[in-house]
Every structure is written in C-alpha cells, then in structure tokens.
Amino acid sequence: MGTVGQDLRYAWRQLRKHPGFAVLAIFTMALGIVANSTIFTWIHSTLFNPVPGVTRTGDMVTLRRGESISPPLSYDDYADLRDRTRTLTGLLAYHDDSMSITGSSTPERIYGALASSNYFQVLGVQPVLGRTFLPAQTNERAGAAEAVIGYDLWQRRFAGDPAILGKTIQINLHPYTIVGVAPRGFVGCKTGLRTELWIPLGMDRQVFGWPRVNDRSVTWLNALGTLAPGVDRRQADKELNLLMQRIAGRYPLSHQGENRLATDPLWRSPFGVNVYLFGTLPILEALAALLLLLACANVANLLLVRSVARRRELAIRLSMGAGHWRVVRQLLTENLALALAGGAAALALTLWTSRSLGLFVTASPLPITLDGEVDRAVLLATVAVSIFTAVLSGLLPALRATALAPAEVLKEESLGSTGGIAKSRLSGSLVILQVALSLLLLVCAGLFVRSLRHAQSIDPGFDPSNMLLASVDLGPAGYSAPAGMEMERQILDRVSGLQGVQSATLADFSPLNFTIHSESASSPEGYVPASHESLEVDRGIVGPGYLKTLRTPLIA
C-alpha cells in the first residue's frame, strides 16, 4: 500500500507540472467514457430493468397471439389459462387506457389500468400504504369499487396525505375507495409507459361502458406471467398453445382467426417501448465502444509524444536501479489517474445525458417515460470503463517508453537526439488506427443520416404539414351518446370557423398511433371463410371531410 500511495503522489505531481496535457487527456477520455456510460444507463433502465420497482424480471414473460401486437386474451380465456397452467407460477392480466379524475374543479386525464386481482402479487410489488387487490376475490368479474393509486399521483393530487386510505377518488364520474398507494417508482408493467392508477378488471363496464369482461370473443387483455423454476419459454409456449387449442375447440365461434400463443421475455416485449429499443440500443452501444477506442488511440498517441520528453527522466530512474515493471506501474498509475478524472467528469455529464432518451421520442398523447437513472450499477460500470480505458490507452506507451537502454538514451540526450524509429512507427500505427476508426464512425454516421432522410421521405399516406391534433374524451365527462354527438358537431363547427383553418374533421383515432381500438366483422360478398378464419378488420370512425383534411388522395 505504501508504494501505491507513493505512485499516486508522484502521478499527481507529474500531472500538476503539465496541466495542458492533463486537461487534454482527461477531456478526450471523458468524451469516450460518457458516450458509453450514457447508453449503458439507457440499457440498464429499459432492457435490464424493464419494470421499475420489480426486482426479478428475468423469468417474466408476456403473452401474444401469433405475430399480432394487439391484446391477446379475453377475460374468460385468461381465467382458463391462469387456472390450468403449470409452467407459469402466476399469470396476471390488465388493460391500460386513459382515464379521467373527475368530481373536482380541476379534472385531470391520467393513464390507468384495469387489473386482475393477482396483479401486484405476481409482480411482487408491495404498497407503501394500505393494501392491493385481494387475491381471494370470489367474483373477479363483478369487481369492486376500489383503487390503488400511484406514488406520484398521491404526492401530486393529494399532497402525500398519510390518511388517504378510505377516501374517495372519482374516475370517469364514478367513485372509488382508495385502498392502497403503490411504491415510489412503480409505474405499471408495460415498459416505458407510466400508469398512475389501478382498479379491478370487473369495473370495465363502469369505467368505459363496455361489457367486455363477459364476452369471450373480445380480446382486450394483455397478460404477463412468471416462469416456474426449471421451466424455459419453449416449454411454456408448448403448454399454453395446448391449453389454447382446447379452449378454441370448446368455443369455436369466439375463436376465429389466430389462436397460437407465444411468449416474449419482458425486456423485449412487443407491448411497450422496448420493442423498439432492444434492437437499437445495442447498436448505439457498439458505436459508443468505437468512439471509446478512438479516444484511447488519441490518448495513447499523446502519451507517446510525452514519453519522448521524459526519456531522460526514465533513463535516469532505470540506471539508478528502478525495476522495469516498477516504472511501467508508475506510468500506468499516472494514466489511471487521468482515466478516473475523465470518468468522474463523464459521470457528472451522465447525470444530465441519461435523461435525454425521451428527447428521441416523437410527441404522443401516451405518458411515455424513458428517463435513465444513474445508480450503483451505472457507477460501477463507469469505474470499470475508466480502468479499461487507462489500461488500453496506457499499457503499450508505457511498455514502449521503458524499453530503452539508459546509457544509450543519456548519450543521445547529450548529442541532442530526441526520439527513435520504433516510437515513430508506433505513433504512425496509432495515427492509422485513429483514421480507420474515424472513417468507420463517419461511414456509420453517413448511413444513419441517409436512413433518416429516407424515413422522412416515406409517404405516410397523408400530409402532416400545417396540421394540428387535439384530443377530447366526452364519455368520462358524463355525455350520453346523443349529447356527445351534438358536442362533437359543435366542436367541429367552431374549429372550422376559426380564422386560418382551411379544413377540420373528427376521428376516433390518429394516423401513426400505436393501435386502433375498434374492430368490426366484415363479410365480403361471395367469399366463404375457412374454418377459424377471422373476418374482423381494424376500423376507424371518421367525420366528414376526413380524407380532404389529411390530404389523402383516392386512387379509385
């Protein structure tokens, strides 16, 4: 420990004597390290930790039907699978959508979820106040007028009132008793989306006015399960498909179309933003690694140049009996000090850049939450990358700087010689490496820009220029169907009459949205469907002048 302390003190003196070199090397290392620490923060917050507040997500899977990203199950199908599966130790179901907190002077639209009674138990989430839903509810289909609210909603709406349990919150004009508060950081089990309130599945009719919980033919529930010990996804897929085929055989009329179930690990579930991130973030991490290699090559070249000025010092130390590896260790200690300083600067920058992932997401009415968090894992990863940077950039220059004959060096110094052919070759090789890595990064950047320009030039089928989008939900405000239609007519008339508005329309969906919520059965004239073939199609309800407003041309 004494020699290590001596090395550190000597390294500090050397860096103080050459502040220009130290600042340049630290800045170069910090740029390479911050790129890696930032992207690692994004990966850690989304892929490694897909559900904040849930510790064991590695054995959790989501269910999908075929290749569709629509909710795969009806309530009855979910209940049958939950009660009969042996490859899953728990299977929960939920349906998330926008809800409105009403009954006060300041209504608020939030994102909430209808959840099965075992929702929190399967996730292993314990409330900070009160309880969650009772898993032993005898009639889950009927539901109960109770709610679990999110921690942020509790703080924002109720000022963190510790006596919140038993009070009433009005959702879509209906009162619910608050029975629990979810822990801080937990925002539901759909990656990247912030859910702030949970109510029982059976309240679907009251909240949204739909009797879906009693209709086996309506698939509206997402499902998440936990694999049993020793069970892999292939075994779970096999069992779930066998169970689903039996269900489809018993109820053929309500199981037209695709009935094949498949599971996905939670970190790349198709339900949530990870479906877009699990393929993108590793590519960004690879590019950041190239940038780190480029920074290491830059620093190594700086160290080689500096070693020329230190030849006399190193020769004297070796001639006085200092061991070869002792000097190498000293040089690596100096470089480690530079790298740790660069890592500290990178960590400080990461506190800001880690929260920039959400900037890459286009505006959406969905409550997308993609902020990274600098925690212990990120800190350890940054330290590891800093040490790796120190060794990678400093080992070869240190070995080259100490591979000298002290007598010859002192003689060259007396004659005014300042270098050697070997160092020139090594420096030239590092320059070639820098150019090659820079060219590779430049090519990748060019391909990215070209792909971005190509994506921007794709015709989406409508013209989004000078177009504004606003949303309104009249159902939670107490409007009946006739009153809602009259309000929509008045809204359309008033908006159309505004100065500068060329055209306006209404629709129950927006283009390029995540999903269309409505399906209708189709009956093409003269077509005879095959067995279990579904003729349902996604449909949107639109107002007059819809295609004109979106400037969508008709081909026939």
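## Overall architecture

Contacts between residues 24 or more positions apart make up 77% of those in the protein chain that have a separation of 6 or more. The model is predicted. Its protein chain contains 15 helices and 12 strands.

Of the 556 residues in the protein chain, 41% count as buried. The chain exposes about 29600 Å², and 61% of that area is supplied by carbon and sulfur atoms.

## The second largest pocket

The second largest pocket holds about 660 Å³ of space. Its lining is formed by 29 residues, and those nearest the centre are Pro52, Gly185, Thr369, Asp371 and Glu373. Helix α2, which spans residues 19-46, gives the largest share of this lining, with three residues.

Sorted by class, the lining of the second largest pocket comprises 12 polar, nine nonpolar and eight charged residues.

## Ile33 in helix α2

Helix α2 also holds Ile33. Ile33 has a relative accessibility of 0% and therefore counts as buried, the cut-off for that class being under 20%.

Ile33 and Ala346 are 313 residues apart along the chain, yet their C-alpha atoms are separated by 6.0 Å. Residues up to four places away in sequence left out, Ile33 touches Ala346 itself, together with Leu292, Ala339, Gly342, Gly343, Thr382, Val385, Ser386 and Thr389.

## Val374 and the loop between α10 and α11

Val374 is placed in the loop that runs between α10 (324-353) and α11 (376-402). Its relative accessibility is 26%, so Val374 counts as partly exposed; this class lies between the 20% limit for buried residues and the 50% limit for exposed ones.

Val374 and Arg355 are separated by 19 residues in sequence and by 9.5 Å in space, from C-alpha to C-alpha. When neighbours within four places in sequence are set aside, the residues in contact with Val374 are Thr41, Leu347, Thr350, Leu351 and Ser354.

## Leu396 in helix α11

Helix α11 includes Leu396. With a relative accessibility of 43%, Leu396 counts as partly exposed. The C-alpha atoms of Leu396 and Leu303 lie 9.6 Å apart in space, while the two residues are 93 residues apart in sequence.

## Asparagines with positive phi

Asn172 has a positive phi, near 50 degrees, and is a residue other than glycine. Asn172 belongs to the loop between strands β6 (168-171) and β7 (174-181). The relative accessible area of Asn172 is 5%, and this residue is therefore buried.

Asn466, likewise not a glycine, has a positive phi of about 60 degrees. Its place is in the loop between α13 (421-457) and α14 (481-496). Whereas Asn172 is buried, Asn466 is exposed, because its relative accessible area is 81% and the exposed class begins over 50%.

## Cysteines

The count of disulfides comes to zero, where a disulfide would require a pair of cysteine sulfur atoms within 2.5 Å. Cys189 has a relative accessibility of 3% and so counts as buried. Cys296 is buried as well, with a relative accessible area of 4%.

Key
Residues are numbered from 1 along each chain as its sequence is written. This is a predicted model: local features need pLDDT of at least 70, side-chain atom pairs count only at pLDDT 80 or more; totals for chains, interfaces and linings use all residues. Side-chain values use heavy atoms; hydrogens and water are left out. On a 1 Å grid over the protein atoms alone, a cavity is a set of points where a 1.4 Å probe fits but cannot get out, and a pocket is an open set with protein on both sides within 12 Å along at least five of seven lines; lining residues have an atom within 4 Å of a point. Grid points are joined across faces, edges and corners, and a volume is the space filled by probe spheres set on the points. Helices (H or I, at least four residues) and strands (E, at least two) are DSSP runs, numbered from the N terminus. Ala, Val, Leu, Ile, Met, Phe, Trp, Tyr, Cys and Pro count as nonpolar, Asp, Glu, Lys and Arg as charged, and the others, Gly among them, as polar. Buried means under 20% relative accessible area, exposed over 50%, partly exposed in between (1.4 Å probe, protein chains only). Contact means heavy atoms within 4.5 Å. Accessible areas come from the Shrake-Rupley method with a 1.4 Å probe; for residues, only the protein chains shown count as cover.
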